[in-house]
Amino acid sequence: MRVLRTRRGATWLLFSGLFVLLVLLGIASDQRTAFLLPLLSVRDSNDNIYCYLDTVDNPIEELDPKQVVKDTSIFFHETSCHSKGAVYLSARQACAVESAAKMNPGSHVYVLYPSPLSQPNATRVDPLFTVINAYSNVRVRHLNAERYFQGSPLEEWYKSGYLQASQYPRSHASDLFRYLTLWKFGGIYLDLDVVVVKSFEKEVNFAGAESSEDVAAGVLSFSTRGLGRKMATECLLDLKKNFRGYDWGYNGPGVITRVLKATCNVDKVTDMTLEQCKGFRVFPPEAFYPIPWREWKLYFDAERSESTMRQLENSYVIHVWNKFSITANVTVGSKQPYGLVASKYCPVTYANSGAVF
């Protein structure tokens, strides 16, 4: 798919007009309109998902949707199209995987790649290879996007090209895959910019509030039966109905927030009690998002380390808001809160990350 790099405003207006016309004609959901969707593809070339259509031989074992996967499993998705030629995670991403494996030794921890890649590189310091070598419960698997959507409520929607036409296809792929994976297998989904500091092995059917207004989608759990299955299905149906390719955040936290409001029959996140939500648990912000995104720099502030660490005492996970913090350094051995947490909960990755984590 060609990425349009010029006249973005004009292209967007053109597409908007065409799309509105199609809606008025009542055929916007028809697959015959899919040929117009690439006009929505006004985005940075680094955010594309061309590799999802790559048919080259892939030595990484595919996660077959028919495969038996324990519903206590933990899932991470790396939705980038890599040019490195090997399965790869940054040290911080590997830390997330290691902490999940370390704190949940009875659970399989899956790292899933839609990008076709070769095996981890054992001849160089590869953070993911180091983790795989240290933890027997880590699994790396490939996702064939077309096959992965088959049999789901999103099969025809995906074939119609809406994801490829998104302005933020990689981010929106992450949104879609997390809900789709939990619909297929149950278990727990985690973002790759977290550190797990407490076991999930006794928890099921939960999400976490980010604030008093929003439930976030960086940590999610659905069971394979009953309420969890029903909610996973509702999330996919919400994505199919409400997907917005032009809105970066609408298709992630917006989905679980809308579905929970309907499930719990409430308008406010603060009213989402265990009883009101039929047994589904909405954890308070300190459980998964103890430091709000606007205060992400606290994770890197050694001078305020003591007070920040106190804020993390009741957390299952810390979420470091990679979208904002990716360029902020952690000096190994410092008292920066992120480094202190990493040294304890992903010690192998942290010890092998060099001078800067």
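The legends below describe close-up views of a predicted model.

**View 1. Lining of the largest pocket.** The largest pocket holds about 1400 Å³ of space. Its lining is made up of 43 residues, and D191, D193, W248, N322 and K323 are those that lie nearest the centre. Elements contributing two or more residues to this lining are α2 (91-103), α6 (169-185), β7 (215-222) and α11 (322-325). Helix α6 supplies the largest share, 5 residues. By residue class, the pocket lining has 16 nonpolar, 14 polar and 13 charged members.

**View 2. Strand β3 and its partner β2.** Strand β2 (residues 109-113) runs parallel to β3, and the two pair over 5 bridges. Within this pairing, Y110 has R139 of β3 as its bridge partner.

**View 3. The largest cavity.** The whole structure contains 3 cavities of 30 Å³ or more. The largest cavity has a volume of about 40 Å³. Residues C51, Y52, D54, P114, P116, H142, L143, N144 and A145 line this cavity. Of these lining residues, 6 are nonpolar, 2 polar and 1 charged.

View 4. Across the whole structure, 9 salt bridges are found. In one of them, the side chains of R141 and E61 meet with an N to O distance of 3.6 Å. R141 belongs to strand β3 and E61 to the loop between α1 (8-25) and β1 (74-77), so this pair ties together parts 80 residues apart in sequence. R141 is buried, at 12% relative accessible area, whereas E61 is partly exposed at 42%. R147 and E62 also meet through their side chains in a salt bridge, at 2.8 Å, N to O. Here R147 sits in helix α4 (residues 145-149) and E62 in the loop between α1 and β1, so the pair ties together parts that are 85 residues apart in sequence. R147 is partly exposed, with 41% relative accessibility, and E62 is partly exposed with 25%.

View 5. D238 and R258 form a salt bridge in which the closest N and O atoms are 2.7 Å apart. D238 lies in helix α7 (residues 226-242) and R258 in helix α8 (residues 253-264), and the pair links distant parts of the chain, 20 residues apart. D238 is buried, because its relative accessibility is 10% and buried means under 20%. R258, at 24%, is partly exposed.

Definitions and conventions
Residues numbered from 1 in each chain as written. Predicted model: local features only at pLDDT ≥ 70, side-chain atom pairs only at ≥ 80, totals over all residues. Heavy atoms only, no water. 1 Å grid on protein atoms, 1.4 Å probe; cavity = no way out; pocket = protein on both sides within 12 Å on 5 of 7 lines; lining within 4 Å. Points joined across faces, edges and corners; volume = space filled by probe spheres on them. Helix = DSSP H or I, 4+ residues; strand = E, 2+ residues; numbered from the N terminus. Nonpolar A, V, L, I, M, F, W, Y, C, P; charged D, E, K, R; others polar. Pairing = 2+ DSSP bridges. Salt bridge = Lys/Arg side-chain N within 4 Å of Asp/Glu carboxyl O. Buried < 20%, exposed > 50% of the residue type's maximum accessible area, 1.4 Å probe, protein only.
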